[in-house]
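Reader: I'm new to this one and would like to know what the labels rest on. Could you walk me through it?

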Amino acid sequence: MLTPLNSIFGESLFDDIFGDFTRPAKNLVRYNAPAPSVMKTDIKESDAGYELEIDLPGYRKENVKAELKEGYLTISAESRQENSQKDDAGKYIRRERYYGTCSRSFYVGDEVTEQDIKARFEDGILKVAIPKKEARPAVEESRFIAIEG
């Protein structure tokens, strides 16, 4: 009995080969990797400033970095995992390694300095406090043009 090709491959033989060119990218989940939705962030505003709570489950404090550059606060995290299993003779049955990084940037303004920002990492949650600063208006300098005559 013959089966139509579309029942094996989907709607057409080339669905899987060319499908990603026309459709949005699929949510790729890596085998034995952290969830693809890392760095979920809650932002609270108060009169004094902003507080960010960034979920980083499975990350350690020493692998999380915060950098302030040109008014952007960038939070980055790195994860390394290695799983290995051996049989009774000491031969590897399975070895798996995972290395990944993630980062996220927030514009906090040019007036905020590194000393103004406070950060704390507890139980897989990074809490960052950013004060509100008023933008200083640029002082306009008078520039005179020489008039010859």
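Author: Leaving aside residues up to four places away in sequence, Thr 41 touches Leu 52, Glu 53, Ile 54, Arg 104 and Phe 106; touching, or contact, means heavy atoms within 4.5 Å. This is a predicted model, where local features need pLDDT of at least 70 and side-chain atom pairs count only at pLDDT 80 or more, while totals for chains, interfaces and linings use all residues. Residues are numbered from 1 along each chain as its sequence is written, and side-chain values use heavy atoms, with hydrogens and water left out.

Reader: Why does Thr 41 count as buried?

Author: Buried means under 20% relative accessible area, exposed means over 50%, and partly exposed is in between (1.4 Å probe, protein chains only). Thr 41 has 19% relative accessibility, so Thr 41 counts as buried. Across the protein chain, buried residues make up 21% of the 149 residues.

Reader: Which strand does Thr 41 lie in?

Author: Thr 41 lies in strand E1, residues 41-45. Helices (H or I, at least four residues) and strands (E, at least two) are DSSP runs, numbered from the N terminus. The protein chain has 2 helices and 7 strands.

Reader: How do you know that E3 and E4 pair?

Author: Two strands pair if DSSP finds at least two bridges between them. E3 and strand E4 (residues 72-86) have 6 bridges, in the antiparallel sense, so they pass. Within this pairing, Glu 67 stands opposite Thr 74 in E4.

Reader: And what makes E3 and E5 edge strands?

Author: Their open sheet has 3 strands in the order E3-E4-E5, with antiparallel pairing. Strand E3 (64-69) and strand E5 (92-107) each have a single partner strand, so one side of each is left without a neighbour in the sheet.

Reader: What is the order of the open sheet of 4 strands?

Author: That order is E1-E2-E7-E6, again with antiparallel pairing. The edge strands are E1 and strand E6 (118-122), each pairing on one side only.
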